[in-house]
Amino acid sequence: SLWLGKGNRLQSQWEIHFPHSLGLLYSAFTYFTGFKVNSGEYKLMGLAPYGQPRYVDLITRHLINIKEDGSYRLNMNYFDYATGLKMTNAHFSNLFGRPPRSPEAEITQQDMDIARSIQVVTEEIVLRLARSIRREHGIKNLCLAGGVALNCVANGKIWEEKIFDHIWIQPAAGDAGGALGAALSVWYEHLDNARKPSKSDSMQGSYLGPSFSNREVKAFLDSCQANYIELSDETLFPTVARLLEKQKVIGWFQGRMEFGPRALGNRSILGDARSKEMQTIMNLKIKFRESFRPFAPSILEEYCDQWFNLKNTTSPYMLLVAHVNGNQITQPEQSNLFGFDMLKTARTTIPAVTHVDYSARVQTVHAKTNPRFHRLLTQFKQLTDCPVLINTSFNVRGEPIVCTPKEAFHCFMTTHMDALVIENMLLLKEDQPLALRSQFKEAERVALD
């Protein structure tokens with residue numbers, strides 16, 4: 001749907017009604033390639049660069065009719081989600097010559113090609129809609145929300161084409177953010193409160209969750225008989241930066257939890273983006289997830305345009321994909337590599353956060369909205385001359401992002417993380433009591449069994 005905002009009012013311009021949904025089309029391919037609907041779409045997006053767009057014509061001839069202005073209709077003969085219990089049906093399988101992939105089955109080149117194809121189709125629809133909106137309504141600023149707005153690759157394409165002067169993407173785009181929109185609608189449209197726009201981001205970094213004091217953290221760690229040291233800020237930040245420089249993986253727990261699906265520096269696992277091995281280490285030993293999945297870079301906002309193709313904009317919510325600047329590329333594209341063989345090449349000075357197409361899902365870190373994370377990145381840059389860290393959510397596959405010190409400590413003890421920082425407390429894995437480490441190893445073994 002398209003809504004135009006003026007003052008404290010929104011006016012509906014048009015809608016495309018269920019079951020004709022770009023999000024559900026993408027989810028149908030998420031299901032067909034063996035990932036979980038409503039949570040695995042970002043895996044499909046991450047898989048796309050490994051494939052070729054071989055099925056674009058098949059999709060646009062049989063599954064969806066796309067108009068010049070970006071409006072579309074799905075051919076419901078191939079989908080089951082409107083009336084059944086699955087996303088796709090036998091006609092869909094026959095079209096691609098195979099059944100849906102089983103969730104833990106090997107990912108094939110065809111899966112990669114299917115992922116690339118639906119990503120290309122999605123981007124084309126989004127770009128057509130964006131161009132027609134700008135042309136028909138003359139608006140300069142675009143706000144995006146809803147599940148498809150989490151497709152940061154498509155968002156990056158809109159920005160690359162400079163269709164709008166400014167783009168802002170709701171950090172909890174999807175169902176969770178709908179609650180925020182409902183509250184704002186009541187506040188402005190029903191209660192008629194005045195809207196006072198400002199040039200700064202009113203979400204202020206989207207840090208809306210709970211926080212925990214040093215006293216609460218210490219009480220919990222003491223109850224576990226964990227070994228830790230309490231450090232002042234003056235000592236904490238350079239100490240953690242040195243650990244990161246030594247290729248240590250850090251659980252980083254600070255302040256209020258993020259609102260939305262992205263870890264934005266308060267419930268994060270951090271690593272050195274310069275390391276060639278860090279992507280594999282963090283995927284397999286920390287996150288327990290698929291090795292092809294890319295990690296995102298967090299970068300000091302003031303250095304962003306020196307490292308990524310994101311001039312004159314920011315990406316505080318990790319919802320824009322941009323290419324790494326040419327001056328950071330160390331290995332040109334190799335046309336003889338396909339599929340997961342593309343992972344073997346260290347392409348840039350920050351290989352751990354560079355996807356196989358030289359892109360990255362960037363988070364710009366701002367001193368005003370997250371001064372502590374900004375300070376850590378500043379310390380790391382002073383040590384290494386690199387203002388970039390790997391930032392991935394503080395959880396393992398299949399689990400939500402940690403919220404409390406207890407959840408953070410459990411995740412730390414059951415993975416191969418080297419250190420944990422909770423507010424001003426620093427814990428090193430090697431310093432934890434043997435009995436405590438054995439207890440968590442046994443719990444992990446039982447869970448795996």
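Helix α5 passes helix α6 in a right-handed crossing (the near helix is turned clockwise from the far one by less than a right angle). The model is predicted; local features need pLDDT of at least 70, side-chain atom pairs count only at pLDDT 80 or more, and totals for chains, interfaces and linings use all residues. Residues are numbered from 1 along each chain, and side-chain values use heavy atoms, without hydrogens or water.

Helix α5 spans residues 109-137 and helix α6 residues 152-160. Their axes lie 9 Å apart, at an angle of about 40°. Helices are DSSP runs of H or I with at least four residues; strands are E runs of at least two. Contact (heavy atoms within 4.5 Å) involves Q119, E123, V126, L127 and A130 of α5. On α6, V153, A154, K157 and I158 take part.

Aromatic pairs (ring centres within 6.5 Å) number 15. F29 and F92 pair edge-to-face (planes over 60 degrees apart), at 5.2 Å centre to centre and 65° between the planes. F29 lies in helix α1 and F92 in helix α4, so the pair ties together parts 63 residues apart in sequence. Both F29 and F92 are buried (under 20% relative accessible area). W168 and Y317 also form an edge-to-face pair, at 6.4 Å and 85°. W168 sits in strand β6, and Y317 in the loop between α11 and β11. Y317 is buried at 4%. W168, at 30%, is partly exposed (between 20% and 50%).

Technical notes. Axes are lines fitted to C-alpha atoms, for helices over the stretch in contact, and angles run from 0 to 180 degrees between N-to-C directions. Rings of Phe, Tyr and Trp (its six-membered ring) pair if their centres lie within 6.5 Å; planes under 30 degrees apart count as stacked, over 60 as edge-to-face and the rest as tilted. Buried means under 20% relative accessible area, exposed over 50%, partly exposed in between (1.4 Å probe, protein chains only).
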